[in-house]
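Me: Hi! Can we go through this protein together? I'd like to start with one of its residues.

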Amino acid sequence: MPPVFGKEVDNEFRWPISQTRALAFLISPSPFPSPPRGEGGVKGIRSGKMLLDPFRRKINYLRISITDRCNLRCRYCMPEEGIPLIPHEEILTYEEILRIVRVFAAEGISKVRLTGGEPMVRKGIVDFVSRLSQIGEIKDLSLTTNGILLKEFAHDLKKAGLKRINVSLDSLRKERFCQITRKDDFERVWVGIEEALRVGLSPIKINMVAIQGLNDDEIESFARLTLHLPLIIRYIEYMPSGNGEEWKGSDILTIPQIKNRLESVGKLIPIPSDQWDGPAKRFRMEGALGEIGLIGPVSSHFCDDCNRLRLTSDGKIRACLFSDEEIDVKELLRNGGSDQNLKERLLVALREKPERHPIHTQQFKKCQRNMSAIGG
């Protein structure tokens, strides 16, 4: 097990800070009116401060890829030599992103997550987070990172207004981490997680992509972290995305399989979801300081509860991760488009949001763009 502040994670260790559980953001739910129907079917509409898609889903979450650059070369994401990068001039500026968020927030977006690539490799990230956090309608501001630069940035990002983080980490073993990411940086990631705990970013979620024959023997080890630390360990099924090694259905460990393995560590006690939760089914083990989340995009559709849109690093809105339909807002911004024009593009994106992703259908095809540009 990795050391935590110089101590081994074992049955004798308890997290020294008084914080005894991972925090959730609890906001009273808003009423959910049914949208009107017309001859052309249900349209993407605004209802007060609420955005509704054609299937009556409330859309309040925007995931923003601020860069396609990354300082790792994970095998399931990209080849060792990397991938062609989007030219700098094609990447949205911070000012452009802030304008989009302000307009979208006024229409009902209240939750923003910054992704990449690796968002911390982009210069000016702390000042950008500070300005983003000052948009009053945004109630939940978070970031997904590989953790390499977390030690250096955790304090300043927390001070700037970042609420919480997700850390992508697929192994607790130094050699295997290097095998998966092609970089020998496990210690930097773990020290970064320690620092994030120390400065009070909360909750801290660790995302593990469980892959058959690669890291599935560490499922139990990740779960045991929750017994001693206020971390949320989230197990995610391996999805067909990225430009790395070829995805095969046989590589998938399904959520039922993972859950069965976890029950050998301890009884899983269900935790009710709140309105800021994503697709994860939440559990806690008896006496644990942290939580466990199970996310099954392949084995179990959670599309009925999807509340998100994605903004790519080069200024396209994607309504679904597994749909290559995109709505261009960068072109609009750079050609004198008004805020009203932006609102209209948002409504177009809502109208185009599919009912569900096409995995397991004949229409399915792997994403044509890399996850580093779309935003994980």
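Me: Is arginine 334 buried or partly exposed?
Reply: Arginine 334 counts as partly exposed, at 36% relative accessibility. Buried means under 20% relative accessible area, exposed over 50%, and partly exposed in between (1.4 Å probe, protein chains only). This is a predicted model, where local features need pLDDT of at least 70, side-chain atom pairs count only at pLDDT 80 or more, and totals for chains, interfaces and linings use all residues. Residues are numbered from 1 along each chain as its sequence is written, and side-chain values use heavy atoms, leaving out hydrogens and water.

Me: Which side chain does arginine 334 meet in a salt bridge?
Reply: That would be glutamate 96, at 2.8 Å from N to O. A salt bridge here is a side-chain nitrogen of Lys or Arg within 4 Å of a carboxyl oxygen of Asp or Glu.

Me: Is glutamate 96 buried or exposed?
Reply: Glutamate 96 is buried, at 14% relative accessibility.

Me: New topic: how many salt bridges are there?
Reply: The count is 22.

Me: How many helices and strands does the chain have?
Reply: There are ten helices and 18 strands.

Technical notes: Helix = DSSP H or I, 4+ residues; strand = E, 2+ residues; numbered from the N terminus.
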